[in-house]
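Okay, everyone, let me put this one up on the screen. I'd like to walk through how the inside of it is put together.

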Amino acid sequence: MSVYFQTERCIIRDWVYDDFNVVKRMLTDVDVVRFMSGEIWEDEQIQLYFQYNLDKKQFHHYVISLKENFNDTDQFKGHMIGYVGVNPFLFEKKDNDNNDTDSKMVIESELEWVIDKSYWKQGYASEVASSLIEFGFQLYPNINRLFAFTKLENIGSVKVMEKINMKLFCKGTYNKENNNINNNNNNDNDFESTIPKNIIKTDQKGVYIIQEEKVIFYVIYRE
């Protein structure tokens, strides 16, 4: 089992079999999934997702566990309180400098954190997400910025993004017909040449799409 990084109270580690019950509780909790896919996960989905992480087939997803009950010597890996991810996703980029109306898809990276409801409002999300930034840039050395996004009404996650010094990139309206984001606000000078597109996140059955009208993106740049 590998430990990837640590914070003041947490250890970010590989998945172990003992994590399953926590994962199942989280992904069947309506409050936890509300700002994810919005739907309770089925047993088959949970089992496949969990096995993917055990086999390290999932894109850079890691367990958050508490230091206070972590003991590598006796093989007790610490109680799981959530997970983090550094997920690749696609942006459509237009080459305005060359007056090129064509576009190309470029890989960006998104930070993700999901906390078990029992540990909400205790500062764990911002504590882990802050260290996740440095870890994300290490994973993707050729990427100069990292994104995080959520549904607009997810005030808690927005506060975490702001607390870890991420800046507003854009707000958008999700178009369910063509799976695109129509941008209606942004604070980024580079935004005109980089348009969020196809907001799709991979799950163990294929893909799911955020089925919500309003989304918000935050960004942080490599120092």
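**A buried arginine, and what surrounds it**

So, let's start with Arg-13, which counts as buried at 0% relative accessibility; buried means under 20% relative accessible area, exposed over 50%, and partly exposed in between, with a 1.4 Å probe and protein chains only. Before I go on, the ground rules: this is a predicted model, where local features need pLDDT of at least 70 and side-chain atom pairs count only at pLDDT 80 or more, while totals for chains, interfaces and linings use all residues. Residues are numbered from 1 along each chain as its sequence is written, and side-chain values use heavy atoms, with hydrogens and water left out.

Back to the arginine. Arg-13 sits in strand β2, residues 10–13. When I say strand or helix, I mean DSSP runs numbered from the N terminus: E with at least two residues for strands, H or I with at least four for helices. Which side chain does Arg-13 meet in a polar contact? That's Ser-65, at 3.4 Å; a polar contact is a pair of N or O atoms within 3.5 Å, and within protein one must be able to donate a hydrogen and the other to accept it, with residues adjacent in sequence counting only if both atoms are side-chain atoms.

Ser-65 turns up again as the β3 bridge partner of Ile-11. Strands β2 and β3 run antiparallel, joined by four bridges; two strands pair if DSSP finds at least two bridges between them. And β3, residues 61–66, is mostly covered, with six of its six residues buried.

Now the cores. A nonpolar core here is a set of buried Ala, Val, Leu, Ile, Met, Phe, Trp, Tyr and Cys residues joined through side-chain atoms within 4.5 Å. The largest has 34 residues, and those with the most contacts inside it are Ile-64, Val-84, Trp-113 and Leu-132. Helix α4 gives this core its largest share, eight residues. Take Leu-132: leaving aside residues up to four places away in sequence, its contacts include Phe-5, Val-84 and Trp-113, where contact means heavy atoms within 4.5 Å. There's also a second, separate core of 17 residues, with Trp-15, Trp-41, Ile-46 and Tyr-49 among them.

On to the rings. The structure holds 14 aromatic pairs: rings of Phe, Tyr and Trp (its six-membered ring) pair if their centres lie within 6.5 Å, and planes under 30 degrees apart count as stacked, over 60 as edge-to-face and the rest as tilted. Phe-5 and Phe-135 have ring centres 5.1 Å apart and planes at 45 degrees, so that pair is tilted. Phe-5 is in strand β1 and Phe-135 in helix α4, so the pair ties together parts 130 residues apart in sequence. Phe-5 is buried at 11% relative accessible area, and Phe-135 is buried at 8%.

What about Phe-147 and Phe-217? Their centres are 6.2 Å apart and their planes at 80 degrees, so this pair is edge-to-face. It links strand β6 to strand β12, 70 residues apart, and both Phe-147 and Phe-217 are buried.

Last one: Trp-15, Phe-20, Trp-41, Tyr-49, Phe-50 and Tyr-83 form one aromatic cluster. Okay, over to you.
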